[in-house]
Amino acid sequence: MSKEEIFWCKTCLNMSTRNRIEFDENGRCNACVWSEEKKSLDWKKREKEFLGLVKEAKSKNSGPYDIIVPVSGGKDGSYVSYTMKNKYNLNVLCVTINPPTRSEIGFNNLENFKKKSGFPLIEINVPNQISKKLNKKGFIEQGRPLYGWTTSIFTSVMRVAKYFGINLIMYGEDGEIEYGGSTESKYKAAFNAEFIKRVYLEGKTSQTFDDLSDVDKYWWDFDFADLSNIKLAHWSYFENWDSYRNYIVAKENYGLTEKNDANTGTYTNFAQNDNFLYDLHTYLMYLKFGFGRGTQDVGIDIRRGALSRDQGKQLAEMYDNHFPENYLHFYLEYYEMKKSEFMDVLDFHVSKELFKKEGEIWMPTFKIV
Ligand SMILES: [Zn+2]
């Protein structure tokens, strides 16, 4: 996409460079269209669909657990697990895939969740060397520094589901629908492994995982068994998604805490604060597509009516271009790279249409309009 063809959503700041995003004839992105649509949606009908999925899963489950909720100790998984238990009286099994790097706050939040929630929690530590190899490959080849981990959030959780005979997995929000992307799943309650491979992992799985041995691939394998009975779903399909509400519920019930200062590259402190590599992920998103973590958070706040578009623009301009300097030494240690090699990867992925290097720093050549 050339610079002249780039545009921003008329309501929020979502950019036309975003993967799979759709715009209506008024220039509004699919996240904004959806946030309006949600207000008059027949949520009761969707709740019935959820209860139907639960019923179906229960008839096939082979153990005492009704549903798996993947959690990290953060607000969203906490909220979903809380709701499954307290509103729907389901027997919940929680699963967490420990991230390759974890901040102290992320660690403490998961400990609080364990103590206060009362759920059984399976913590999986995928083999570190292989995880690192996949994350590094994702970083170098695709500019996706958490590629291996992102994949294991689906594959390893499906392993657990199969092992414990549980046929329903409930994730948090559908990012494509809530934040902008493919609208394919807008009217579909559940999805499967094929959808994950094609949309979330952008069809790159075979080239990433093919050279792994069977034992190395174990936690990243989509084809280890017949998974057709296992349904995956996003809670945002069944209930109006409100990450601030999730935060409050998690704070009140499971002792969630936030950072004292804002996260790198944004003005908020309560989302995605448990994993240093996430800061690199959003910085690369900025370099590749022109929107960063600030823009992402601004979009959420504009859609919930907490910010005007102009205020959002100022915040995005202030925060988006923020190199996660504080964590650089972690990244170099983690990927086992020299600073120059690491910087070369950033230079390779940056959009030369949208950025120009000034000294050491890539500066935007565009202005949000
Ligand atoms: Zn929008």
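Author: Happy to. In this predicted model, 21 residues of domain 1 touch 22 residues of domain 2. On the domain 1 side, the elements that give two or more residues to this surface are H12, H13, helix H15 (328-335) and helix H16 (339-349). H12 brings the largest share, seven residues. Sorted by class, that side of domain 1 holds twelve nonpolar, seven polar and two charged residues.

As for the two partners, the domain assignment gives domain 1 as 3-17 + 270-364 and domain 2 as 42-243. Taken over C-alpha atoms, their centres are 25 Å apart.

Of the helices at this surface, let's stay with H13. Helix H13 covers residues 293-303, and ten of its eleven residues are buried, so H13 is largely enclosed by the rest of the structure. Here a residue counts as buried when 20 or more other C-beta atoms lie within 10 Å of its own. The buried residues run from Arg293, Gly294, Thr295, Gln296 and Asp297 through Val298, Gly299 and Ile300 to Ile302 and Arg303. What lies over them? The cover includes helix H1 (30-37), helix H7 (175-179), helix H11 (243-254), helix H12 (276-289) and helix H14 (309-319). Just after H13, glycine 305 adopts a positive phi of about 85°.

From C-alpha to C-alpha, glutamine 314 lies 40 Å from glutamate 194, and 120 residues separate the two in sequence.

Now for a set of strands. Strand E1 (residues 67-70) sends Ile67 and Val69 one way and Ile68 and Pro70 the other, and all of them are buried. E1 runs parallel to strand E2 (residues 92-97), with four bridges joining the two. Proline 70 sits opposite valine 95 of E2. On going from E2 to strand E3 (residues 121-124), you again find a parallel pairing with four bridges.

E1, helix H3 (residues 75-86) and E2 form a right-handed β-α-β unit. A right-handed unit is also made by E2, helix H4 (residues 104-117) and E3.

Finally, the whole chain. It has 16 helices and eight strands, and its C-alpha atoms fill a box of roughly 60 × 50 × 40 Å along the principal axes. A compact globule of 369 residues would have a radius of gyration near 21 Å, and the 20 Å of the protein chain agrees with that. Buried residues make up 43% of the 369 residues. Among contacts with a separation of 6 or more, 72% are between residues 24 or more positions apart.

Key. Residues numbered from 1 in each chain as written. Predicted model: local features only at pLDDT ≥ 70, side-chain atom pairs only at ≥ 80, totals over all residues. Buried ≥ 20, exposed ≤ 12 C-beta atoms within 10 Å, placed from the backbone. Contact = placed C-beta atoms within 7 Å. Rg over C-alpha atoms; globule rule 2.2 N^0.38 Å. Domains from an automatic or database assignment. Nonpolar A, V, L, I, M, F, W, Y, C, P; charged D, E, K, R; others polar. Pairing = 2+ DSSP bridges. Right-handed = clockwise from strand over helix to strand, strands pointing away.
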